[in-house]
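Welcome! Here is a short briefing to read alongside the structure.

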Amino acid sequence: MVKTLSRKLAQRTHDLVFRTVHSRNLIYNACWEDPRIDRRLLELDQRSRVVVLTSAGCNALDYLLDRSASIDAVDVNPRQNALLWLKIALIERGRHDDLFRFFGDGHHPEHRRVYGELRHRLPAEARRFWDHHVDYFDAASRQGSFYYRGTSGAVAWLLTRYLLQPRRQLKPHLHDLIQADTLEEQRAIYAAMEPRLWRRVDGWLLNQPLIMSMLGVPRPQIRLIKDEYPGGLVGYIRDKFKHVLTEVLIHDNYFWRVYLTGSYTADCCPNYLRREHFDTLRANVHRIRVHTTTVTDFLRRRPGTYSHYVLLDHQDWLARHDPMALEQEWRLILANGGPGARVLMRSASHRVDFIPEGIREALTFRPDLAQTLHLEDRVGTYGSVNLAVVR
Ligand SMILES: C[S@+](CC[C@H](N)C(=O)[O-])C[C@H]1O[C@@H](n2cnc3c(N)ncnc32)[C@H](O)[C@@H]1O
């Protein structure tokens, strides 16, 4: 009885911490889902009408490279949309070097001046955020990079400082690792660093609700992993970390590089930052529309026939907390989808078992396509990538 009560109290506290963190902060400073996989699964073209959760906006911009007819980026957190707006404004302004300094280097020596020049391009909601936070791009700040800002960036900053303490002697290994050209080299380096990587206190750290909330991982997702994965949360993180560092080539793995080093390079960065894509992005960026609301509310207000839905992993969040909201969202996706519409979602679980009854029958899942590509995913921290096609 006492045990059950204290578990319930711990759960409530965790949910409260998560809600508080998410209602006040920018959480994600970079999308942590691999658009190279997405684009192969989505098969976008000039007729595509995409609905995607914004997160940090990197992937909405990536999908523009297929010249999709429209991209509706939707997020309940206005700070996430403010981030996408800033990227759009920098692209519209037409200076690739400034875009790359802000979002490639993670800082700009004249961030205030550039911001002053493009501020008028932003909607009021985005201005309200950046007027107070443009110093995220100040190289002279303690963090020195935008990629150590926002709550997930703050955790990345703390964890990298912690891992790179001189007594751990990990720094030279990590340096060699991000320079490695082959999987053989990566495996040898990883084997040398593994004993120094995981200590007892690390497990304790990773189990802290505040750390997980700041990383944007809600309790339902943690529960899913704890219930399903033999080694629990810490085992899951260790195994995923090992997989991505030893089985996926690191030299273009910009997802991990940015948190280890605080910046991207010209050769190891998201597509939206590559010089060769800049003109295409600039010519097509008007096709992105940004909405601060839930997916359900967006579909109610802007009904239409959308051909692609990229739901990231947010249905893990709804599945345990709010199954009714999950069902409503699916009903609207079907009503605004039409035969052949593709729905892409990731999950912490190895299988998606949360699709409501009456909805699953309207979908054909394509594990044949998704499972092979999942193994090449450069993020490597999800249990599964899932593609469903509306019948
Ligand atoms: C679920 S995704 C997780 C992050 C993602 N895996 C990534 O790496 O980019 C997070 C984004 O979805 C947003 N979000 C969660 N539920 C939502 C909903 N029902 N409608 C719109 N946005 C939602 C959050 O505000 C957050 O910015």
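The charged end of arginine 161 sits over the ring of tyrosine 148, 5.3 Å from its centre; for such a placement, NZ of Lys or CZ of Arg must be within 6 Å of the ring centre and within 35 degrees of the ring normal. Lysine 87 likewise lies over the face of phenylalanine 103, at 5.1 Å from the ring centre. This is a predicted model, where local features need pLDDT of at least 70 and side-chain atom pairs pLDDT 80 or more, while totals for chains, interfaces and linings use all residues. Residues are numbered from 1 along each chain as its sequence is written, and side-chain values use heavy atoms, leaving out hydrogens and water.

**Aromatic pairs**

- The count comes to 22 aromatic pairs, meaning rings of Phe, Tyr and Trp (its six-membered ring) with centres within 6.5 Å.
- Tryptophan 130 and phenylalanine 137 form a tilted pair, because their ring centres are 5.7 Å apart and their planes stand at 40°; under 30 degrees counts as stacked, over 60 as edge-to-face and the rest as tilted.
- Tryptophan 130 and phenylalanine 137 are both buried (under 20% relative accessible area, 1.4 Å probe, protein chains only).

**The ligand**

- The ligand is surrounded by 18 residues (a heavy atom within 4 Å), and the closest are Trp32, Glu33, Ser55, Asp75 and Tyr382.
- A nitrogen atom of the ligand is 2.8 Å from an N or O atom in the side chain of tyrosine 382, a polar contact (N or O atoms within 3.5 Å).
- For aspartate 313, a polar side-chain atom lies 3.1 Å from a ligand nitrogen atom.

How values were computed: Polar contact = N/O pair within 3.5 Å; in protein donor to acceptor, adjacent residues only side chain to side chain. Buried < 20%, exposed > 50% of the residue type's maximum accessible area, 1.4 Å probe, protein only.
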